[in-house]
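Please examine the sequence and the structure shown below.

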Amino acid sequence: MPISVETKRIAPPKRLIYGPGPAMVDPRAYEAMSQPIVGLRDPYFLSLLSEIQSGLRMVMGTDNKKTFVVPGSGSAAMEAAVANFVLPGSKFGVFAAGHFADRLSIMGRRQGATVVRLERPWGEVFSSEEAESFIAGEKPDVVAFVQAETSTGAYQTGKNITAAAKKHGALVIADCVTSVGAMPVELDAVGIDVAYSCGQKGLSCPSGLSPISISDAAWDKLAARPSEPYTWYLDLRLLANYYEPPHAYHHTPSPPLVYAMHQGLAVIEEEGLRNRWERHRRSGQRLVEGLQKLGFQHLVKNSEDRLWHITVVAPPAGVDEAKVREALMAKYGIEVAGGLGQLAGKILRIGTMGPLASDDSVDFILEAMAASL
Ligand SMILES: Cc1ncc(COP(=O)(O)O)c(C=O)c1O
């Protein structure tokens, strides 16, 4: 099909993206993406990558040397974690209370592992007693949990899980796709071995590059892995080589995405990570209070277990969530999301991340929601 006159230049509609991800991109990341590309071993490019590694250690709360980016969206980093650390024939324990824990389980199965799951209703989190009895009973080689379950709005640091995992010698993978840049991740303090994230949520970048961080102990295990992982593109040992001299070519990175991530992290460093968390906490609280006044109910009953920057609510009786979303888009150009899987048609997921985590942005969406019921 020939490219039409209208599409020869790109002019996307201006949207206010109040979804659970992608989130609004920071203007500095947009500006950076229009800069010229350089080669993959250009000293300037390598210095940006090294600064990205430091910035990622800061937002992920870790000293892990092996902290870098994987090409692809959050699922690529998830697959890298699972494909490298969950061996064929091993036992993989998944703490399952949402859509993304299900995705981890599917990936584990595809790696040829026996997947065992501790399930809780969606919107709930796991206690240390549950984690202990699950891990002691099943004795998995690796366990995985989702720190910020985007499908339900539930948050758990993982402390309840890491203590039991350490006691029984299981490696811990944490999905931090939605927590990084918006809420405490604290890999080292929590005791997480392998964690991955994405660009398009708390880091206010477009999707396409995804952070991953691996502890020294986990790296030693990977180095001693008896077989090569089936994946070549997401082989972490090959990917990590590029970050060390002589920066061996593995794949061709995308400079605009690297520039964007550099700026996303620089913006966080300038604001101060704790200030940024606090801004997200305050806006989330303001949004929840406003939505409760409009008759919405939070899916996560315990307020301590709620994500600050993604609010998952059931609409008041008689209100169709799809109609609310349509009205928000038609009248205001606002995007919010509906539910995934078993929550489809039942809930709304509203993100107040990065540039939208402010009193004004929260008040604006609350007014728009009130007018769309
Ligand atoms: C918790 C969680 N894990 C994994 C993913 C997958 O990330 P992506 O859609 O970037 O592949 C998402 C995406 O929303 C997510 O929220």
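Thr114 is partly exposed, because 14 other C-beta atoms lie within 10 Å; a residue counts as buried with 20 or more other C-beta atoms within 10 Å of its own, as exposed with 12 or fewer, and as partly exposed in between, the C-beta atoms being placed from the backbone. The model is a predicted one, in which local features need pLDDT of at least 70, side-chain atom pairs count only at pLDDT 80 or more, and totals for chains, interfaces and linings use all residues. Residues are numbered from 1 along each chain as its sequence is written.

Thr114 belongs to strand β4 (residues 114-119); strands are DSSP runs of E with at least two residues, helices are runs of H or I with at least four, and both are numbered from the N terminus. Neighbours within four places in sequence aside, Thr114 is in contact with Lys91 and Phe92, contact meaning that the C-beta atoms, placed from the backbone, lie within 7 Å. Between Thr114 and Lys139 the C-alpha to C-alpha distance is 12 Å, at a sequence separation of 25 residues.

Helix α4 is largely enclosed by the rest of the structure, because 11 of its 12 residues are buried. Among them are Met78, Glu79, Asn84 and Phe85.

How values were computed: Contact = placed C-beta atoms within 7 Å.
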